Amino acid sequence: MDRIKSFEINHNILEPGFYISREDADIITYDLRTRKPNAGDYMSNLAMHSVEHMFATFVRNSEIASDVVYFGPMGCQTGFYLLVRNQKPSAVFEITKRILKQILDYEGPVFGASAIECGNYRNLDLAAAKEECRAYLAVLENQTNMEFTYPKED
């Protein structure tokens, strides 16, 4: 059986950042890596779920809304996947930073925080989302790898 693409990345050398995980025709899968894998520092389910609701809503209401295929958390609790078609990686990187800032500036209830809209609506907290977004935005503001490639093994 073939290994999936994400299993081919050496997670032991991966650092937080914004990466191109794979390209499939006109769809690019972005790895929004918020944590160093296997380092014992993982997102809580509360933070992960809250960021998912906030980021997904903002990106699906942005100028690239019609090109967004998916946004959601990684099961390993170290980041998110964002799938976008027909957009340049540099533009998606800038939009990602802008959305993180929108989440930080937002005041109000977490989007989709009701029993009608979410299967675990009590597990949402804007402060947790903001804390996660603040830390990740700091990573992106300092990112120098504008090719968005994964680190190479020595």
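In the predicted model, Arg35 and Glu132 are both buried. The two residues form a salt bridge in which the closest N and O atoms are 2.5 Å apart. This pair links distant parts of the chain, since Arg35 lies in the loop between S2 and H1 and Glu132 in helix H3, 97 residues apart. Arg35 has a relative accessible area of 13% and therefore falls under the 20% limit for a buried residue. The side chain of Arg35 also meets that of Asp41 in a salt bridge (3.1 Å, N to O). Asp41, with a relative accessible area of 43%, is partly exposed.

The structure contains 11 salt bridges. Another of these joins the side chains of Asp31 and Arg33, at 2.8 Å from N to O. Asp31 is buried, at 0% relative accessibility, and Arg33 is likewise buried, with a relative accessible area of 2%. Salt bridges also link Glu94, Lys97, Lys101 and Glu141 in a network.

The largest nonpolar core comprises 36 residues, of which Phe18, Tyr30, Leu32, Met54, Phe55 and Leu82 touch the most other members. Two or more residues of this core come from each of strands S1 (17–24), S2 (27–33), S3 (68–73) and S4 (79–85), and from each of helices H1 (45–59), H2 (89–105) and H3 (126–141). When residues up to four places away in sequence are not counted, Phe55 touches Leu32, Phe71, Leu82, Thr96, Ile99, Leu100 and Ile103.

Terms used: Residues numbered from 1 in each chain as written. Predicted model: local features only at pLDDT ≥ 70, side-chain atom pairs only at ≥ 80, totals over all residues. Heavy atoms only, no water. Core = buried A, V, L, I, M, F, W, Y, C linked by side-chain atoms within 4.5 Å. Buried < 20%, exposed > 50% of the residue type's maximum accessible area, 1.4 Å probe, protein only. Helix = DSSP H or I, 4+ residues; strand = E, 2+ residues; numbered from the N terminus. Contact = heavy atoms within 4.5 Å. Salt bridge = Lys/Arg side-chain N within 4 Å of Asp/Glu carboxyl O.
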